[in-house]
Amino acid sequence: MRLDTVLLKVASRCNINCSYCYVYNQGDTSWQRLPKAMSPDTIQAVVTSLHRLYEDQKAGFAVVLHGGEPLLMPRQLLRALLEGLAEALPSCVRCIQTNGMLIDDEVLDLCDATNTTLSVSLDGPIGVHDRFRVTFAGGGTFEGALAGIERIRSNPKANRLFTGVLCVVDPTSDPCTVYNFFKELGVPSVDFLFKDGNNSKLPPDKQGLNSTEYGSWLASIWDCYVADQNPPRIRILDDMARLLLGGQSIKEGCGQRLYGIAVIDTDGTITKNDTLKSSFDGADRFTSQWTILSSRLSEIAATDEFQDYARLQHPTSPTCRSCDQLHVCGGGMPLSRWHDESGLNNPSVYCADYKYLIRHIQESLFGNCTDVESR
Amino acid sequence: MEKLNEQITVDDVPATNPETFEVRSEMLTSTAVCRLLDEVRCDELTGYSAMQRYDRDHNRHNR
């Protein structure tokens with residue numbers, strides 16, 4: 001299997017304490033046992049290993065610096081990593097996913113020099129953002145995140161450096177207000193994500209398995225999106241609509257393509273998709289004790305254990321397998337299918353939301369779905 | 001940790017490629033929809049390279 005994404009957990013701690021965070025506040029404790037940042041030896045091993053992966057695959061992949069908060073990594077180590085990756089993987093995309101609070105001119109200059117892009121987590125206007133994205137003292141982080149975005153936008157290379165925002169959906173907020181906020185901010189793309197949750201632990205502000213708070217919220221975003229003559233990219237809506245139009249999706253959680261995703265922790269341990277952490281403590285760990293210091297990524301990707309992990313992206317529930325919308329939702333993210341007793345063999349906790357949203361997009365694109373189905 | 005590895009997995013998924021339906025004429029003036037239609041029409045943009053192109057301009061890897 002080809003890897004399309006390598007996520008580098010370059011820092012295992014964070015400078016803020018979002019209440020919905022799957023790394024620290026959903027039951028996983030692995031961060032407590034990890035080094036705070038990748039060491040120089042691990043950085044060198046990562047650069048060497050990823051260069052070898054590129055040669056083995058003969059195909060590119062995206063390298064994403066993640067955390068915790070990746071900009072907590074000491075600057076000299078961040079510089080060594082980004083310069084090493086730029087030299088070893090000149091044709092691969094390299095980006096940093098940050099909460100924006102620590103962006104300064106030194107970071108921007110380094111990103112510019114190494115052709116690395118930045119994406120910032122921002123959930124909407126201050127009242128929406130600060131509801132969940134808070135400091136350890138409980139204060140808001142909106143002003144700091146916005147200041148980070150403004151620093152990027154005031155840089156002469158902003159168009160190349162700034163790729164967009166990650167927005168975790170708050171279904172109690174007004175979707176049009178959130179959309180217009182991002183429009184006014186001039187963000188090039190918004191990746192709306194549902195909050196982590198599963199069949200044993202409902203996501204925040206979701207009343208039950210049959211409720212559609214998140215689906216109807218995104219349906220309203222769709223209405224704003226298609227009416228906008230100069231819209232940003234909205235990845236999840238693009239993926240769903242593209243699938244309905246006969247095309248393909250580009251990210252896990254939509255469609256039926258299998259994605260090759262490997263995560264490397266600060267100590268060099270190779271793990272599964274980190275979002276699985278929200279299911280149970282250690283859910284993202286392989287049985288094999290693979291580490292970047294001694295294992296070859298292309299060989300790991302070819303193992304049965306890795307391919308079994310990748311196939312978790314396909315839902316197994318009979319409900320999903322017989323659903324006429326499976327080709328669009330793909331069963332959603334595996335973490336959302338989890339149940340403490342039945343494992344992943346369930347529809348997503350967001351199944352009703354997906355159905356509502358897909359039907360809404362379908363009707364918007366093609367007219368009444370009953371008419372469509374009878375054609 | 002063992003629990004996920006014990007999950008049933010499926011090798012193949014049902015072939016449910018949608019038929020191509022006609023997009024409502026009102027939607028053909030939508031910038032977002034026209035952009036998507038262009039992408040779907042262009043095979044290159046719906047293949048593996050689409051991911052890489054999107055990554056270059058945006059970021060597909062948000063968590």
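User: Why does K183(A) count as partly exposed?

Analyst: In this predicted model, K183(A) has 15 C-beta neighbours inside 10 Å. Buried needs 20 or more and exposed needs 12 or fewer, so a count in between is called partly exposed. K183(A) therefore falls in that middle class.

User: What makes the radius of gyration of chain A agree with that of a compact globule?

Analyst: For 375 residues, the globule rule gives a value near 21 Å, and chain A has 20 Å, so the two agree. The C-alpha atoms fill a box of roughly 60 × 50 × 40 Å along the principal axes. As for burial, 55% of the 375 residues count as buried.

User: What is the strand order in the open sheet of chain A, and why do β7 and β9 stand at the edges?

Analyst: The nine strands run β7-β6-β5-β4-β3-β2-β1-β8-β9, with mixed pairing. β7 (233-234) and β9 (270-271) of chain A each have a single partner strand, so one side of each is left without a neighbour in the sheet.

User: How do you know that β6 and β7 of chain A pair?

Analyst: Pairing requires at least two bridges. Two bridges join β6 (residues 189-193) to β7(A), and these strands run parallel. The pair therefore meets the cut-off. Within it, V190(A) stands opposite I234(A) of β7(A).

Key:
Residues numbered from 1 in each chain as written. Chains lettered and ligands numbered in written order. Predicted model: local features only at pLDDT ≥ 70, side-chain atom pairs only at ≥ 80, totals over all residues. Helix = DSSP H or I, 4+ residues; strand = E, 2+ residues; numbered from the N terminus. Rg over C-alpha atoms; globule rule 2.2 N^0.38 Å.
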